[in-house]
Amino acid sequence: MIVTIDDVKNYLGIDYSDTMVESNLNRLISTAESYIKGAIGEDYPEDDSRTKELALIVISELYDTRGMSENSSNNLRKIINDISLQLRLESS
């Protein structure tokens, strides 16, 4: 695991926790790890601080915008396009 749930809570400034919050954060951690694997490769450096920061940035962007709308950021659109492309390439 690149980041822990406590790392994510600290990064996002979440000072409370319940089952739903932890479930959502665990899903986002898993998504960020898959995104990084697709972007960098299976042997990405898990212990590199840049990898951890990248995971936290991806998680933050996904957490803050939670869903597509007209107001979605360009960063979120890029992440979604990248994940879609990765999934298409991996399933070919």
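Trainee: Which residues have the most contacts inside the largest nonpolar core?
Mentor: The model is a predicted one. Its largest nonpolar core comprises 22 residues. Those with the most contacts inside this core are Val-3, Val-8, Leu-12, Leu-25 and Ile-59.

Trainee: Which helix gives the most to this core?
Mentor: At least two residues of the core come from each of helix H1 (5-12), helix H2 (19-40), helix H3 (49-65) and helix H4 (74-90). The greatest contribution, seven residues, is that of H2.

Trainee: With which residues is Val-3 in contact, leaving aside its neighbours within four places in sequence?
Mentor: Val-3 belongs to the group with the most contacts inside the core. Once neighbours within four places in sequence are set aside, its contacts are Val-8, Ile-29, Lys-52, Ala-55, Leu-56 and Ile-59.

Trainee: Is Lys-9 buried or exposed?
Mentor: Lys-9 is placed in helix H1. Beyond its neighbours within four places in sequence, Lys-9 touches Ile-14, Tyr-16, Ser-17, Glu-22 and Leu-25. Its relative accessibility is 12%, and the cut-off for burial is under 20%. Lys-9 therefore counts as buried.

Trainee: How does Asp-7 count in terms of relative accessibility, and what is that value?
Mentor: Asp-7 also lies in helix H1. Leaving aside neighbours within four places in sequence, Asp-7 is in contact with Lys-52 and Leu-56. Asp-7 counts as partly exposed, because its relative accessibility is 21%.

Trainee: How far apart in space are Asp-7 and Lys-78?
Mentor: In sequence, 71 residues separate Asp-7 and Lys-78. Taken from C-alpha to C-alpha, their separation in space is 24 Å.

Trainee: What is the radius of gyration of the chain, and how does the globule rule bear on it?
Mentor: The chain has four helices and zero strands, in the order α-α-α-α from the N terminus. For 92 residues the globule rule gives 12 Å, and the chain comes close to that, so it is as compact as a globular protein of that length. The radius of gyration is 13 Å.

Trainee: What share of the contacts with a separation of 6 or more comes from residues 24 or more positions apart?
Mentor: Of the 92 residues, 33% count as buried. Among contacts with a separation of 6 or more, the share from residues 24 or more positions apart is 55%.

Trainee: How far apart do the centres of the positive and negative side chains lie?
Mentor: The chain carries 9 positive and 17 negative side chains. The centres of these two sets are separated by 5 Å.

How values were computed
Residues numbered from 1 in each chain as written. Predicted model: local features only at pLDDT ≥ 70, side-chain atom pairs only at ≥ 80, totals over all residues. Heavy atoms only, no water. Core = buried A, V, L, I, M, F, W, Y, C linked by side-chain atoms within 4.5 Å. Buried < 20%, exposed > 50% of the residue type's maximum accessible area, 1.4 Å probe, protein only. Contact = heavy atoms within 4.5 Å. Rg over C-alpha atoms; globule rule 2.2 N^0.38 Å. Lys, Arg positive; Asp, Glu negative; His and termini not counted. Charge placed at Lys NZ, Arg CZ, Asp CG, Glu CD.
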